[in-house]
Amino acid sequence: MLGCGQGSFQVRGHQLGHALGARVLSRTPEPADLAWADVVVLIKRTDPSWADLAYQDGKPVVWDALDFWQQPEHNILLESQAVALLKERAATIGPHLCIGATESMAKALGGAYLPHHARPGLKPTKVRDQVWTVAYEGTKKYLGCWATALEQACADRGWRFAINPVDLRIADIVVAFRDGKWDGWMCREWKSGVKIVNAMAIGRPIISQPSAAMRELQPDGSVIDRIEDLGDALDLWASKKARLHVAEEHEARVQVFSQSAVAEQYRRILQGVVDG
(Lines give C-alpha, C1' and ligand atoms only; values in the text may rest on other atoms or scores of the structure.)
Protein backbone atom coordinates (compact mmCIF):
# COMPACT_ATOMS: atom_id res chain seq x y z
CA MET A 1 0.00 0.00 0.00
CA LEU A 2 1.52 3.24 -1.16
CA GLY A 3 0.67 6.75 0.00
CA CYS A 4 1.71 9.61 2.21
CA GLY A 5 0.45 12.22 4.60
CA GLN A 6 -1.53 12.28 7.81
CA GLY A 7 -5.23 11.91 8.37
CA SER A 8 -6.93 9.59 5.93
CA PHE A 9 -3.73 7.82 4.85
CA GLN A 10 -2.98 6.95 8.45
CA VAL A 11 -6.43 5.40 8.76
CA ARG A 12 -6.76 3.79 5.33
CA GLY A 13 -3.11 2.96 4.79
CA HIS A 14 -1.39 2.30 8.10
CA GLN A 15 -4.28 1.01 10.21
CA LEU A 16 -6.01 -1.12 7.57
CA GLY A 17 -2.72 -2.01 5.89
CA HIS A 18 -1.31 -3.44 9.08
CA ALA A 19 -4.57 -5.31 9.70
CA LEU A 20 -4.17 -6.86 6.25
CA GLY A 21 -0.51 -7.70 6.76
CA ALA A 22 0.44 -5.35 3.92
CA ARG A 23 3.65 -3.44 3.39
CA VAL A 24 2.73 0.21 3.89
CA LEU A 25 5.18 2.58 2.21
CA SER A 26 5.53 6.32 1.72
CA ARG A 27 8.35 6.02 -0.80
CA THR A 28 8.98 4.63 -4.24
CA PRO A 29 8.56 0.85 -4.04
CA GLU A 30 11.72 -1.17 -4.56
CA PRO A 31 11.88 -4.32 -6.73
CA ALA A 32 11.77 -6.49 -3.60
CA ASP A 33 8.54 -4.77 -2.48
CA LEU A 34 6.88 -5.41 -5.81
CA ALA A 35 8.11 -9.00 -5.99
CA TRP A 36 6.56 -9.64 -2.56
CA ALA A 37 3.18 -8.12 -3.43
CA ASP A 38 0.14 -9.70 -5.08
CA VAL A 39 -1.50 -6.33 -5.68
CA VAL A 40 -0.39 -2.71 -5.34
CA VAL A 41 -2.76 -0.19 -3.75
CA LEU A 42 -2.24 3.52 -4.33
CA ILE A 43 -3.97 5.65 -1.71
CA LYS A 44 -4.99 9.27 -1.95
CA ARG A 45 -2.59 11.55 -3.91
CA THR A 46 0.26 9.21 -4.76
CA ASP A 47 2.83 9.50 -7.55
CA PRO A 48 1.30 7.94 -10.72
CA SER A 49 4.76 6.66 -11.67
CA TRP A 50 4.45 4.17 -8.82
CA ALA A 51 1.63 2.55 -10.77
CA ASP A 52 3.92 2.26 -13.80
CA LEU A 53 6.47 0.39 -11.70
CA ALA A 54 3.79 -2.04 -10.57
CA TYR A 55 2.63 -2.65 -14.13
CA GLN A 56 6.18 -3.25 -15.28
CA ASP A 57 6.40 -5.93 -12.61
CA GLY A 58 3.13 -7.48 -13.75
CA LYS A 59 1.17 -6.52 -10.65
CA PRO A 60 -2.43 -5.27 -10.69
CA VAL A 61 -3.03 -1.77 -9.33
CA VAL A 62 -5.93 -0.51 -7.22
CA TRP A 63 -6.50 3.19 -6.57
CA ASP A 64 -8.17 4.06 -3.27
CA ALA A 65 -9.27 7.55 -4.20
CA LEU A 66 -10.34 9.06 -0.88
CA ASP A 67 -9.28 12.69 -0.40
CA PHE A 68 -7.52 12.75 -3.77
CA TRP A 69 -8.18 16.43 -4.47
CA GLN A 70 -6.31 19.53 -3.33
CA GLN A 71 -7.96 21.48 -0.55
CA PRO A 72 -9.18 24.13 -0.44
CA GLU A 73 -8.37 24.85 -4.10
CA HIS A 74 -10.61 22.17 -5.58
CA ASN A 75 -13.47 22.54 -3.09
CA ILE A 76 -15.09 25.15 -5.33
CA LEU A 77 -15.62 22.66 -8.16
CA LEU A 78 -19.18 21.83 -9.18
CA GLU A 79 -20.29 18.23 -9.67
CA SER A 80 -19.44 17.98 -13.38
CA GLN A 81 -16.02 19.55 -12.82
CA ALA A 82 -15.34 17.30 -9.83
CA VAL A 83 -16.26 14.14 -11.76
CA ALA A 84 -14.03 15.23 -14.65
CA LEU A 85 -11.11 15.78 -12.24
CA LEU A 86 -11.71 12.39 -10.64
CA LYS A 87 -11.74 10.59 -13.98
CA GLU A 88 -8.68 12.50 -15.18
CA ARG A 89 -6.77 11.41 -12.08
CA ALA A 90 -7.92 7.82 -12.51
CA ALA A 91 -6.79 7.87 -16.14
CA THR A 92 -3.26 8.89 -15.14
CA ILE A 93 -3.06 5.81 -12.91
CA GLY A 94 -4.98 3.36 -15.09
CA PRO A 95 -5.99 1.07 -12.20
CA HIS A 96 -7.64 -2.30 -12.48
CA LEU A 97 -10.12 -1.07 -9.86
CA CYS A 98 -10.95 2.17 -8.08
CA ILE A 99 -12.28 2.39 -4.53
CA GLY A 100 -14.47 5.22 -3.29
CA ALA A 101 -14.82 6.51 0.27
CA THR A 102 -18.59 6.91 -0.17
CA GLU A 103 -21.10 5.07 -2.33
CA SER A 104 -21.50 8.34 -4.24
CA MET A 105 -17.78 8.41 -5.02
CA ALA A 106 -17.70 4.73 -5.94
CA LYS A 107 -20.56 5.29 -8.38
CA ALA A 108 -18.71 8.17 -10.04
CA LEU A 109 -15.63 5.96 -10.34
CA GLY A 110 -17.52 2.89 -11.50
CA GLY A 111 -15.68 1.09 -8.72
CA ALA A 112 -16.03 -0.45 -5.27
CA TYR A 113 -17.10 1.22 -2.04
CA LEU A 114 -15.20 0.87 1.23
CA PRO A 115 -16.30 2.79 4.32
CA HIS A 116 -13.89 4.19 6.87
CA HIS A 117 -13.60 2.15 10.03
CA ALA A 118 -14.06 3.53 13.51
CA ARG A 119 -10.91 4.44 15.39
CA PRO A 120 -9.61 1.41 17.29
CA GLY A 121 -10.32 1.56 21.00
CA LEU A 122 -13.50 3.61 20.82
CA LYS A 123 -16.26 2.01 22.86
CA PRO A 124 -19.51 3.28 24.35
CA THR A 125 -19.53 4.88 27.77
CA LYS A 126 -22.48 5.34 30.09
CA VAL A 127 -25.03 7.89 28.90
CA ARG A 128 -25.10 10.77 31.37
CA ASP A 129 -28.28 12.22 32.83
CA GLN A 130 -27.41 15.65 31.47
CA VAL A 131 -25.30 16.86 28.57
CA TRP A 132 -21.91 18.20 29.59
CA THR A 133 -19.82 18.17 26.43
CA VAL A 134 -20.33 18.66 22.69
CA ALA A 135 -17.24 17.56 20.78
CA TYR A 136 -15.69 18.07 17.35
CA GLU A 137 -12.67 16.18 16.02
CA GLY A 138 -10.73 17.83 13.24
CA THR A 139 -9.09 21.07 12.21
CA LYS A 140 -10.81 24.07 13.83
CA LYS A 141 -10.50 26.30 10.76
CA TYR A 142 -12.71 23.89 8.80
CA LEU A 143 -15.62 24.86 11.08
CA GLY A 144 -15.59 28.50 10.00
CA CYS A 145 -18.65 30.29 11.39
CA TRP A 146 -19.87 27.09 13.00
CA ALA A 147 -17.11 27.32 15.62
CA THR A 148 -18.42 30.55 17.14
CA ALA A 149 -22.01 29.35 16.86
CA LEU A 150 -21.21 26.10 18.67
CA GLU A 151 -19.25 27.85 21.40
CA GLN A 152 -22.10 30.28 22.02
CA ALA A 153 -24.85 27.68 21.86
CA CYS A 154 -23.05 25.46 24.34
CA ALA A 155 -22.29 28.36 26.68
CA ASP A 156 -25.97 29.37 26.62
CA ARG A 157 -26.86 25.87 27.86
CA GLY A 158 -24.10 25.60 30.44
CA TRP A 159 -22.30 22.99 28.30
CA ARG A 160 -18.73 22.79 27.08
CA PHE A 161 -17.69 22.76 23.42
CA ALA A 162 -14.49 20.72 23.03
CA ILE A 163 -12.32 20.56 19.92
CA ASN A 164 -10.16 17.45 19.62
CA PRO A 165 -10.68 16.16 23.15
CA VAL A 166 -8.04 13.70 24.33
CA ASP A 167 -10.77 11.06 24.55
CA LEU A 168 -13.84 11.38 22.32
CA ARG A 169 -15.79 9.26 24.79
CA ILE A 170 -16.23 12.32 27.02
CA ALA A 171 -18.67 13.66 24.43
CA ASP A 172 -22.42 13.55 24.92
CA ILE A 173 -23.03 14.87 21.41
CA VAL A 174 -20.66 14.86 18.43
CA VAL A 175 -20.70 17.49 15.68
CA ALA A 176 -19.12 17.68 12.22
CA PHE A 177 -19.33 20.78 10.03
CA ARG A 178 -17.46 22.56 7.25
CA ASP A 179 -17.75 26.17 6.15
CA GLY A 180 -16.48 28.61 3.54
CA LYS A 181 -13.59 27.48 1.37
CA TRP A 182 -13.32 24.23 3.34
CA ASP A 183 -16.79 23.21 2.20
CA GLY A 184 -17.99 22.25 -1.27
CA TRP A 185 -19.65 19.62 -3.44
CA MET A 186 -16.76 17.16 -3.21
CA CYS A 187 -16.55 17.53 0.56
CA ARG A 188 -20.26 16.80 0.89
CA GLU A 189 -20.33 13.87 -1.54
CA TRP A 190 -16.89 12.25 -1.37
CA LYS A 191 -15.58 12.82 2.15
CA SER A 192 -15.68 9.60 4.13
CA GLY A 193 -17.87 9.19 7.17
CA VAL A 194 -15.04 8.70 9.66
CA LYS A 195 -16.48 11.25 12.09
CA ILE A 196 -19.83 9.54 11.79
CA VAL A 197 -18.60 6.03 12.51
CA ASN A 198 -16.52 7.33 15.43
CA ALA A 199 -19.69 8.85 16.90
CA MET A 200 -21.49 5.56 16.33
CA ALA A 201 -18.65 3.66 18.01
CA ILE A 202 -19.12 5.62 21.25
CA GLY A 203 -22.91 5.47 21.02
CA ARG A 204 -23.48 9.20 20.59
CA PRO A 205 -25.75 11.26 18.30
CA ILE A 206 -24.02 13.32 15.62
CA ILE A 207 -25.16 16.67 14.26
CA SER A 208 -23.84 17.41 10.78
CA GLN A 209 -24.62 18.87 7.39
CA PRO A 210 -26.29 17.02 4.50
CA SER A 211 -23.73 14.70 2.91
CA ALA A 212 -23.40 11.39 1.14
CA ALA A 213 -21.89 9.87 4.28
CA MET A 214 -24.86 10.93 6.42
CA ARG A 215 -27.32 9.58 3.81
CA GLU A 216 -25.50 6.31 3.34
CA LEU A 217 -24.46 5.47 6.90
CA GLN A 218 -27.75 6.61 8.44
CA PRO A 219 -26.46 7.41 11.95
CA ASP A 220 -28.82 8.55 14.66
CA GLY A 221 -28.45 12.29 14.80
CA SER A 222 -29.54 15.51 13.11
CA VAL A 223 -28.89 16.90 9.65
CA ILE A 224 -28.88 20.68 9.48
CA ASP A 225 -27.50 23.19 7.00
CA ARG A 226 -28.22 26.49 8.74
CA ILE A 227 -26.68 27.89 11.90
CA GLU A 228 -30.17 29.05 12.89
CA ASP A 229 -31.17 25.39 13.31
CA LEU A 230 -28.27 24.49 15.59
CA GLY A 231 -30.03 25.29 18.85
CA ASP A 232 -33.02 23.09 18.06
CA ALA A 233 -30.72 20.21 17.10
CA LEU A 234 -28.76 20.50 20.35
CA ASP A 235 -31.94 20.70 22.41
CA LEU A 236 -33.30 17.55 20.76
CA TRP A 237 -30.34 15.54 22.05
CA ALA A 238 -30.39 17.11 25.51
CA SER A 239 -32.92 14.43 26.39
CA LYS A 240 -31.34 11.44 28.14
CA LYS A 241 -34.07 9.19 26.74
CA ALA A 242 -33.18 10.25 23.20
CA ARG A 243 -29.48 9.69 23.80
CA LEU A 244 -30.10 6.25 25.36
CA HIS A 245 -32.00 5.25 22.23
CA VAL A 246 -29.05 6.37 20.10
CA ALA A 247 -26.63 4.35 22.22
CA GLU A 248 -28.75 1.22 21.75
CA GLU A 249 -29.18 1.73 18.01
CA HIS A 250 -25.51 2.42 17.38
CA GLU A 251 -24.36 -0.53 19.49
CA ALA A 252 -26.47 -2.83 17.32
CA ARG A 253 -24.91 -1.51 14.09
CA VAL A 254 -21.36 -0.40 14.77
CA GLN A 255 -19.58 -3.76 14.48
CA VAL A 256 -19.68 -3.53 10.68
CA PHE A 257 -17.47 -0.43 10.98
CA SER A 258 -14.83 -2.00 13.21
CA GLN A 259 -11.26 -2.15 11.94
CA SER A 260 -11.40 -5.92 11.58
CA ALA A 261 -14.70 -5.88 9.68
CA VAL A 262 -13.64 -3.15 7.25
CA ALA A 263 -10.22 -4.78 6.78
CA GLU A 264 -12.01 -7.97 5.78
CA GLN A 265 -14.08 -6.03 3.25
CA TYR A 266 -10.85 -4.58 1.89
CA ARG A 267 -9.31 -8.05 1.68
CA ARG A 268 -12.26 -9.38 -0.31
CA ILE A 269 -12.11 -6.43 -2.72
CA LEU A 270 -8.38 -6.87 -3.31
CA GLN A 271 -8.68 -10.65 -3.61
CA GLY A 272 -11.24 -10.13 -6.35
CA VAL A 273 -8.70 -8.04 -8.28
CA VAL A 274 -5.96 -10.65 -7.83
CA ASP A 275 -8.27 -13.46 -8.92
CA GLY A 276 -9.22 -11.46 -11.99
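The model is a predicted one, in which local features need pLDDT of at least 70 and side-chain atom pairs count only at pLDDT 80 or more, while totals for chains, interfaces and linings use all residues. Residues are numbered from 1 along each chain as its sequence is written, and side-chain values use heavy atoms, with hydrogens and water left out.

Select Glu137, Leu168, Val174, Val175, Lys195 and Asn198, the residues that line the second largest cavity. Two elements, β7 (173-176) and α8, each give two or more residues to this lining. Helices (H or I, at least four residues) and strands (E, at least two) are DSSP runs, numbered from the N terminus. The space in the second largest cavity is about 30 Å³.

The terms used here are as follows. On a 1 Å grid over the protein atoms alone, a cavity is a set of points where a 1.4 Å probe fits but cannot get out; a pocket is an open set with protein on both sides within 12 Å along at least five of seven lines; and lining residues have an atom within 4 Å of a point. Grid points are joined across faces, edges and corners, and a volume is the space filled by probe spheres set on the points. In the residue classes, Ala, Val, Leu, Ile, Met, Phe, Trp, Tyr, Cys and Pro count as nonpolar, Asp, Glu, Lys and Arg as charged, and the others, Gly among them, as polar.

There are two cavities of 30 Å³ or more. The largest cavity holds about 50 Å³ of space. For its lining, select Ala101, Thr102, Tyr113, Pro115, His116, Ser192, Gly193, Val194, Val197, Ala213, Glu216 and Leu217. Here α8 and α9 are the elements that give two or more residues, and α9 supplies the largest share, three residues. The lining of the largest cavity has seven nonpolar, four polar and one charged residues.

**The largest pocket**

Next, select Arg178, Lys191, Ser192, Val194 and Lys195, which lie nearest the centre of the largest pocket among its 42 lining residues. The elements that give two or more residues to this lining are α1 (8-20), α7 (185-190), α8 (194-201) and α9 (212-217). The largest pocket contains about 1000 Å³ of space. Its lining divides into 15 nonpolar, 17 polar and ten charged residues.

**The second largest pocket**

What is the volume of the second largest pocket? The value is about 440 Å³. To find its centre, select Ala22, Trp36, Asp38, Val39 and Leu270, the closest of the 20 residues that line it. Two or more residues of the lining come from each of α2 (31-36), β1 (40-43) and α12 (259-275). Of the elements, α12 gives the most, with four residues. By class, this lining has 14 nonpolar, two polar and four charged residues.

Move to Ser258, in the loop between α11 (240-253) and α12. Ser258 has a relative accessible area of 16% and is therefore buried (under 20%; exposed is over 50%, and partly exposed lies in between, with a 1.4 Å probe and protein chains only). Its side chain reaches the backbone oxygen of Gln255 at 3.0 Å.

In α3 (residues 48-56), select Trp50, Ala51 and Ala54, which are buried. Just after α3, Gly58 takes a positive phi of about 80 degrees.

**Backbone features**

Most residues other than glycine have a negative phi, and most peptide bonds are trans. Lys44, in the loop between β1 and α3, has a positive phi of about 70 degrees and is buried at 11% relative accessibility. In the loop between β2 and α4, select Asp67, whose phi is near 55 degrees; Asp67 is also buried, at 11%. Pro72 is found in the loop between β2 and α4, and a cis peptide bond with omega of about 5 degrees joins Gln71 and Pro72.

**Glu79**

Finish at Glu79 in helix α4, which is partly exposed at 46% relative accessible area. Its C-alpha atom is separated by 7.4 Å from that of Met186, 107 residues apart along the chain.

Key: A polar contact is a pair of N or O atoms within 3.5 Å; within protein, one must be able to donate a hydrogen and the other to accept it, and residues adjacent in sequence count only if both atoms are side-chain atoms.
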